[in-house]
Amino acid sequence: MKKRLARGLLRLFGWTLDGEPPVDHRYVLIAAPHTSNWDFPLMILFAMAYGVKVNWLAKHTLFFPGANWFLRGLGGIPVVRHRSRRMVDTMVEAFRANAELILVIPTEGTRSLSSYWKSGFYHIATGAAVPIVPSFLDYLQKRGGFGRPLNPSGDLSLDMDYFREFYAGMQGRFPRQFGPIRLREED
């Protein structure tokens, strides 16, 4: 029922689904380009339309009484940002403890222009020995979907080349806010 409703809403808004979701039940899911507040509700609609149960991290202050049950029901995991020094280790442990976990990470870490992607997605996937799956919302063509899973090779630049090629030509809602696809560790 949720799947049909989500597909109907996306169709109503002019969006199309592109491709099939991965068959894996455990992976890190890149959410890019991330340039607008509209990315979150669209991500939830696309996940429902594909029948994929995602989990995502958000600042703990959003999980106030009344919203807590709703956000957790959508897959939200509260994070106390100023105490998140061991977030990679915590998420690696979460993968080890769960037979099914799809963790969405907006790699830019912000909706504003950023010179680098945050590297946590790569370190979580490497530490948990799970693939990284690129997903996208291309506002130019009003389509969203998934790319081919990548098992991190340990060659950071080579792996990032795959993501640079995958996202080439895609546009977020505000294209000027989608920065270069690179990690500080590549410099």
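**Terms and their cut-offs**

Me: Arg86 and Asp89 are said to meet through their side chains in a salt bridge, with 3.0 Å from N to O; what makes this a salt bridge?

Reply: The term requires a side-chain nitrogen of Lys or Arg within 4 Å of a carboxyl oxygen of Asp or Glu. Arg86 and Asp89 are 3.0 Å apart, N to O, so the pair meets the definition. Please keep in mind that this is a predicted model, in which local features need pLDDT of at least 70 and side-chain atom pairs count only at pLDDT 80 or more, while totals for chains, interfaces and linings use all residues. Residues are numbered from 1 along each chain as its sequence is written, and side-chain values use heavy atoms, with hydrogens and water left out.

Me: Why is Arg86 called exposed, and why does Asp89 count as partly exposed?

Reply: Buried means under 20% relative accessible area, exposed means over 50%, and partly exposed is the range in between (1.4 Å probe, protein chains only). Arg86 has a relative accessible area of 56%, so it is exposed, whereas Asp89, at 38%, is therefore partly exposed.

Me: How do you know that Glu93 and Arg96 are separated by about one helical turn?

Reply: They are three residues apart in helix α4, residues 87–97, and this is why the separation is about one helical turn. Helices here are DSSP runs of H or I with at least four residues, strands are runs of E with at least two, and the numbering starts from the N terminus. Glu93 also forms a salt bridge with Arg96, the closest N and O atoms being 3.0 Å apart. Glu93 is partly exposed because its relative accessible area is 46%, while Arg96, at 55%, counts as exposed.

Me: What joins Asp18, Asp138 and Arg143 into one network?

Reply: Salt bridges that share partners do this. One of the pairs is Arg143 with Asp18, whose closest N and O atoms are 2.4 Å apart. Arg143 lies in strand β7 and Asp18 in strand β1, so the pair ties together parts that are 125 residues apart in sequence. Arg143 is buried because its relative accessible area is 17%, but Asp18, at 30%, counts as partly exposed. A search of the whole structure finds six salt bridges.

Me: How many aromatic pairs does the structure hold, and why is the pair of Trp15 and Tyr139 called edge-to-face?

Reply: The structure holds 15 aromatic pairs. Trp15 and Tyr139 lie 5.1 Å centre to centre, with 85° between the planes. Rings of Phe, Tyr and Trp (its six-membered ring) pair if their centres lie within 6.5 Å, and planes under 30 degrees apart count as stacked, over 60 as edge-to-face and the rest as tilted. The distance and the angle of Trp15 and Tyr139 therefore give an edge-to-face pair.

Me: What does the pair of Trp15 and Tyr139 tie together?

Reply: Trp15 lies in the loop between α1 and β1, and Tyr139 in the loop between β6 (132–138) and β7 (143–146), so the pair ties together parts that are 124 residues apart in sequence. Trp15 is buried because its relative accessible area is 7%, and Tyr139, at 16%, also counts as buried. Phe166 and Tyr167 form an edge-to-face pair as well, at 4.9 Å centre to centre and 90° between the planes. Phe166 and Tyr167 are buried, and they belong to one aromatic cluster whose members include Trp117, Phe121 and Phe136.

Me: What makes Arg182 a charge over the face of Tyr116?

Reply: The definition asks for NZ of Lys or CZ of Arg within 6 Å of the ring centre and within 35 degrees of the ring normal. Arg182 lies over the face of Tyr116 at 4.7 Å from the ring centre, so the distance falls inside the limit.

Me: Why is Thr107 called buried, and which residues is Thr107 in contact with?

Reply: Thr107 is buried because its relative accessible area is 0%; its place is in the loop between β5 (101–105) and α5 (120–128). Leaving aside neighbours within four places in sequence, Thr107 is in contact (heavy atoms within 4.5 Å) with Ile30, Ala31, Ala32, Trp117, Lys118 and Phe121.
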